[in-house]
Amino acid sequence: MGVNGTDDLASVTTDSTLVLLTVEEAARRLGIGRTTCFKLVSAGELESVTVGRLRRVPADALPAFVATLRRPVLAA
């Protein structure tokens with residue numbers, strides 16, 4: 001517990017001011033599983049960046065990804 005009675009880990013993982021998210025944090029915000037989120041990152045469907053040896057998802061990539069899901073698919 002934090003000083004003010006809140007769970008410090010929970011407040012960090014839900015911090016809406018973060019610019020870069022871990023894949024786990026991105027998955028949580030999207031409401032999908034961690035493995036699914038890693039697959040989306042690996043496939044290039046969800047934008048990610050490398051910072052040193054770390055893989056991070058830009059916070060603004062989440063609404064962009066959701067927007068691609070909402071676009072109607074044109075019939076062939």
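## Helices, sheet and nonpolar core of a predicted chain

Leaving aside neighbours within four places in sequence, alanine 26 is in contact with Leu21, Cys37, Val57 and Leu62, where contact means heavy atoms within 4.5 Å. The model is predicted, so local features need pLDDT of at least 70 and side-chain atom pairs count only at pLDDT 80 or more, whereas totals for chains, interfaces and linings use all residues. Residues are numbered from 1 along each chain as its sequence is written, and side-chain values use heavy atoms, with hydrogens and water left out.

**Overall make-up**

The chain holds four helices and three strands, and from the N terminus on these elements follow the order α-β-α-α-β-β-α. Helices (H or I, at least four residues) and strands (E, at least two) are DSSP runs, numbered from the N terminus. Of the 76 residues in the chain, 22% are buried; buried means under 20% relative accessible area, exposed over 50%, and partly exposed in between, with a 1.4 Å probe and protein chains only. The accessible surface of the chain comes to about 5,600 Å², and 58% of that surface belongs to carbon and sulfur atoms, with areas taken from the Shrake-Rupley method with a 1.4 Å probe and, for residues, only the protein chains shown counted as cover. Among the contacts in the chain with a separation of 6 or more, 37% are between residues 24 or more positions apart.

**The sheet**

The three strands form an open sheet in the order E1-E3-E2, with antiparallel pairing. Strand E1 (20-21) and strand E2 (49-51) stand at the edges, each with a single partner strand, so one side of each has no neighbour in the sheet. Two strands pair if DSSP finds at least two bridges between them. E1 is joined to strand E3 (residues 54-58) by two bridges, and leucine 20 has proline 58 in E3 as its bridge partner. Three bridges join E2 to E3, again in an antiparallel arrangement, and here valine 49 stands opposite arginine 56 in E3. The hairpin of E2 and E3 has two residues between the strands, and glycine 52 takes a positive phi near 65° there.

Serine 48 is placed in the loop between H3 and E2. Its side chain is joined to that of arginine 55 by a polar contact of 2.9 Å; such a contact is a pair of N or O atoms within 3.5 Å, and within protein one must be able to donate a hydrogen and the other to accept it, while residues adjacent in sequence count only if both atoms are side-chain atoms. With neighbours within four places in sequence set aside, serine 48 is in contact with Val41, Arg55, Arg56, Val57 and Pro58.

|---|---|---|
| H3 | Cys37, Leu40, Val41 | Thr35, Lys39, Ser42, Ala43 |
| H4 | Ala61, Leu62, Phe65 | Pro63, Arg70 |

Seen down the axis of H3, its buried residues fall within an arc of 100°, so they line one face of the helix; the arc is that of the directions from the helix axis to the C-beta atoms. Seen down the axis of H4, the buried residues of that helix fall within an arc of 105°, so they too line one face. The cover over the buried residues of H3 includes helix H2 (23-30), E3 and helix H4 (61-70), while the cover over those of H4 includes E1, H2, H3 and E3. Glycine 44, which follows H3, has a positive phi near 80°.

Leucine 40 lies in helix H3 (residues 34-43) and is buried, with a relative accessible area of 12%. Not counting residues up to four places away in sequence, leucine 40 touches Ile32, Glu45, Leu46 and Phe65. Leucine 40 and alanine 27 are 13 residues apart in sequence, and their C-alpha atoms are 10.0 Å apart in space.

**The nonpolar core**

The largest nonpolar core has twelve residues in all, namely Leu21, Val23, Ala26, Ala27, Cys37, Leu40, Val41, Leu46, Val57, Ala61, Leu62 and Phe65. H2, H3 and H4 each supply at least two residues of this core. A nonpolar core is a set of buried Ala, Val, Leu, Ile, Met, Phe, Trp, Tyr and Cys residues joined through side-chain atoms within 4.5 Å.
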